[in-house]
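Subject: Structure for your review

Dear colleague,

Please find below the structure that I am handing over to you.

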Amino acid sequence: MRLFIAEKPSQAEGLAKVLGGARKTGSHWDTDGGVVAWCYGHMLELAEPDDYDPALKSWDFALLPILPNPPRLLPPDPEKGRDGEARKWNKRKRDQLEAIGGLLRRASEVVVACDPDRQGDAIARNVIQHFRYSGKVSRLWLASTDEGSVRKALAKLKPG
């Protein structure tokens with residue numbers, strides 16, 4: 001199965017419609033050209049100091065600087081939110097991340113279909129790395145989701 005990972009729901013929808021036969025589920029679009037899933041921007045966040053070592057839960061200048069090597073990216077914790085809205089958003093991102101993980105386990109190819117900039121590329125690649133996907137990765141270089149632009153970019157997929 002070919003899995004496209006878009007940066008946001010609207011981007012996924014535009015791509016899905018061009019791929020044809022688009023049928024939306026809760027977490028992705030099934031299309032004639034593959035499955036199109038979406039992120040909600042950055043789906044992973046830098047680990048907190050106490051995620052590395054519980055002793056770092058309270059600040060102590062004697063323990064600074066904290067330089068994790070390598071730094072870890074973790075899914076957002078729905079229990080850690082400034083308010084109810086933040087906790088709800090963290091849960092939504094975490095649920096979508098898990099859905100993408102399930103799709104990655106079935107994918108024979110992943111197409112990064114996020115914005116064509118460093119941030120867009122990092123959004124999908126962090127998710128791919130988080131789930132340790134090791135199959136084929138391609139890049140859809142797409143700045144607009146109108147039908148002509150999408151068709152042109154699909155004809156010129158780049159190696160990951």
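Predicted model: local features only at pLDDT ≥ 70, side-chain atom pairs only at ≥ 80, totals over all residues.

Overall architecture

The chain contains five helices and nine strands. In sequence order, these elements follow the pattern β-α-β-β-β-β-α-β-α-β-α-β-α-β. The C-alpha trace spans about 60 × 35 × 25 Å along its principal axes. Of the 160 residues in the chain, 38% are buried. When contacts between residues at least 6 apart in sequence are considered, 60% of them join residues at least 24 apart.

The sheet

Seven strands form an open sheet with mixed pairing, in the order E2-E3-E4-E1-E7-E8-E9. Its edges are strand E2 (23-24) and strand E9 (158-159); each has a single partner strand, so one side of each is left without a neighbour in the sheet.

Strand E4 (residues 34-38) lies between E3 and E1 in that order. Five of the five residues of E4 are buried, and the strand is thus mostly covered. Towards E1 (residues 2-6), the pairing of E4 is parallel and rests on four bridges; here phenylalanine 4 stands opposite valine 36 in E4. Towards E3, the pairing is antiparallel, also over four bridges. A hairpin of two residues connects E3 to E4. Two of the facing positions in this pair are threonine 31 opposite glycine 34 in E4 and histidine 28 opposite alanine 37 in E4.

Helices on the sheet

Helix H1 lies across E1, E3 and E4, and runs at about 165 degrees to E4. Helix H3 (residues 84-106) also packs on the sheet, where it touches E1, E3, E4 and strand E7 (109-112). The direction of H3 makes about 155 degrees with that of E4.

The buried residues of H1 are Gln11, Ala12, Gly14, Leu15, Ala16, Val18 and Leu19. These buried residues pack against E1, E3, E4 and H5. Just after H1, glycine 20 adopts a positive phi of about 90 degrees.

How do H1 and H5 cross? The axes of H1 (residues 9-19) and H5 (residues 147-155) come within 10 Å, with a crossing angle of roughly 75 degrees. H1 is therefore roughly perpendicular to H5, because angles of 65 to 115 degrees fall in that class. On the H1 side, the contact is made by Leu15, Val18 and Leu19; on the H5 side, it is made by Glu147, Val150, Arg151 and Leu154. By class, five of the residues in this contact are nonpolar, two are charged and none is polar.

Histidine 28

I would draw your attention to histidine 28, which is located in strand E3 (residues 28-31). Is this residue buried or exposed? Its relative accessibility is 13%, so histidine 28 counts as buried, because the cut-off for buried is under 20%.

One, of 3.0 Å, is with the side chain of serine 27. Another, of 3.4 Å, is with the side chain of aspartate 30. Beyond its neighbours within four places in sequence, histidine 28 is in contact with Arg23, Val35, Val36, Ala37, Trp38 and Leu103. Ala37 in this group is the residue that stands opposite histidine 28 in E4.

Proline 68

With a relative accessibility of 30%, proline 68 counts as partly exposed.

With kind regards

Notes
Residues numbered from 1 in each chain as written. Heavy atoms only, no water. Buried < 20%, exposed > 50% of the residue type's maximum accessible area, 1.4 Å probe, protein only. Polar contact = N/O pair within 3.5 Å; in protein donor to acceptor, adjacent residues only side chain to side chain. Contact = heavy atoms within 4.5 Å. Axes fitted to C-alpha atoms, helices over the stretch in contact; angles between N-to-C directions. Parallel < 35°, antiparallel > 145°, perpendicular 65-115°, else oblique. Nonpolar A, V, L, I, M, F, W, Y, C, P; charged D, E, K, R; others polar. Pairing = 2+ DSSP bridges.
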